[in-house]
Amino acid sequence: MEALKINGVSKRFGRTQILDDISLTIQPQTIYALLGENGAGKSTLLNIINDRNFPSKGEVVLGDHEVHNHYPSLQRLYLMSDSNMYGKRTSVSGMFQLADEGYGHFDYELAHRLTKAFGVNEHARLSNLSTGLTTAAKITCALCVNADFIFLDEPMLGLDANHRNRFYRELMKTYEQRPRTFVISSHIINEIQSLVEHVFVLHDHHLIADEDVENLLNRAYTISGPADAVDQYTQAMKVLDQQTVGKIKTAYVIEKLDDQQPIPDDVTVTHMNLQQAYLALTNGEDEINE
Amino acid sequence: MNFHFDQSGPLYQQIADQLEEMIFTGIYREGEQVPSTTQLSQELHINPATVLKGMNQLVNRQLLEKRRGLGMFVAAGAQEKIMETRKEDFYHDYVQSLVAEARKLNINEAHLMNLIKRGYQNGSTED
């Protein structure tokens with residue numbers, strides 16, 4: 001199956017640069033995280049990929065075809081987002097029907113099971129549901145729609161812990177039964193860390209990371225201990241972020257450690273989780289720009 | 001005992017280590033079926049590719065065996081194999097750190113030996 005390629009996409013609104021020369025490849029049957037602070041351009045990028053917004057420069061290509069206005073390609077992409085593209089009177093089941101008409105073979109059986117589990121009334125109008133239930137209805141639709149590349153913009157918005165857990169479980173289940181690509185944009189990084197294989201980080205309108213989570217975390221370290229010992233040990237490293245509490249310092253680095261350089265006894269080296277790595281990456285980028 | 005993950009190393013490695021521990025302690029006996037990739041992936045919210053990578057480590061070490069259409073089972077002799085590996089790693093994993101900590105506490109060799117003897121005595125009265 002073909003990959004989805006984003007080639008040199010930039011977006012300007014008047015004088016404001018929203019995306020600056022973004023190139024990345026989205027493989028079939030893979031789960032991705034798209035991370036970035038508010039305003040980094042995540043939603044704009046997802047909208048451009050799905051042809052709901054247009055780039056000032058660059059293109060989105062699926063296989064041999066530019067996605068823009070190409071119906072057969074667009075039928076393979078689905079975007080679930082916060083923005084309301086449904087009419088005021090559209091019900092939950094109406095949303096499912098639209099997905100069925102647009103993409104065919106909608107999985108109603110799974111949809112009924114999920115709405116029941118989430119406590120969503122299928123006859124209710126979307127506009128009358130709470131934030132959490134609206135999200136639950138939309139992720140139900142996204143998990144049941146027949147598309148190869150599914151983009152989830154903030155799919156945990158307003159969901160309580162129970163509903164988030166159910167979502168993760170159902171995502172793993174449907175992904176294993178029918179592998180397809182999911183791109184999850186979220187701020188709840190720690191909860192999606194184990195779900196995703198690969199991560200994209202947008203920062204300041206640029207793509208600053210495009211890497212397998214395992215590879216990234218393998219070389220992402222927190223180094224802590226007495227400040228002078230930590231300073232000495234990290235002397236030749238690029239420290240992306242640091243914290244000092246009293247005499248104890250913690251330095252964050254993302255690079256391969258030199259096996260030849262012994263770790264001092266009073267210095268502790270541990271791996272970061274994805275959230276820490278994300279914070280170190282974005283902070284490190286700010287340091288360069290300052 | 002349950003699965004518990006931290007940042008000590010790659011997730012697939014932690015899955016392999018913890019399954020190994022479960023086999024070693026007899027939670028899953030030889031010939032018994034272990035949870036499927038599907039089950040672990042759904043229950044633990046882990047990408048199935050990661051779970052599979054962890055399980056395949058144990059398959060490669062011949063601790064687990066795939067039975068076509070049935071699932072993964074604990075291989076015959078798995079417990080014994082784990083025992084052998086752990087014996088080899090015992091010096092590095094435990095003795096070295098024990099001695100290092102003893103040095104920090106100014107516990108000399110004779111004293112440490114006495115403590116170890118005490119540990120054995122307490123251990124035997126507890127049995």
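**Sheet and chain interface in the predicted model**

Six strands of chain A form an open sheet in the order β6-β7-β8-β3-β9-β10, and the pairing is mixed. The edges are taken by β6 (77-80) and β10 (206-212) of chain A; each has a single partner strand, so one side of each is left without a neighbour in the sheet. On average, neighbouring strands of the sheet are turned by 15° against each other, direction ignored. Strands of a sheet pair through backbone hydrogen bonds, either parallel or antiparallel. For β6(A) and β7 of chain A (residues 149-153), the sense is parallel, with 4 bridges. Within this pair, Leu77(A) has Phe149(A) in β7(A) as its bridge partner.

Chain A also meets chain B, with 18 residues of chain A in contact with 18 residues of chain B. About 1,500 Å² is buried between the two chains, 49% of it on carbon and sulfur atoms. The interface of chain A and chain B holds 2 salt bridges. Arg169(A) forms a salt bridge with Glu43(B), in which the closest N and O atoms are 2.5 Å apart. Between chain A and chain B, 7 residue pairs are in polar contact, with both residues at pLDDT 80 or more. On the side of chain A that touches chain B, the elements giving two or more residues are α6 (161-177) and α8 (213-218) of chain A. The most come from α6(A), which gives 7 residues. By class, this side of chain A has 7 nonpolar, 6 polar and 5 charged residues.

Methods:
Residues are numbered from 1 along each chain as its sequence is written. Chains are lettered from A and ligands numbered from 1 in the order in which they are written. This is a predicted model: local features need pLDDT of at least 70, side-chain atom pairs count only at pLDDT 80 or more; totals for chains, interfaces and linings use all residues. Side-chain values use heavy atoms; hydrogens and water are left out. Two strands pair if DSSP finds at least two bridges between them. Axes are lines fitted to C-alpha atoms, for helices over the stretch in contact, and angles run from 0 to 180 degrees between N-to-C directions. Contact means heavy atoms within 4.5 Å. Buried area is the accessible area (1.4 Å probe) that two parts lose on being put together, summed over both. A salt bridge is a side-chain nitrogen of Lys or Arg within 4 Å of a carboxyl oxygen of Asp or Glu. A polar contact is a pair of N or O atoms within 3.5 Å; within protein, one must be able to donate a hydrogen and the other to accept it, and residues adjacent in sequence count only if both atoms are side-chain atoms. Ala, Val, Leu, Ile, Met, Phe, Trp, Tyr, Cys and Pro count as nonpolar, Asp, Glu, Lys and Arg as charged, and the others, Gly among them, as polar.
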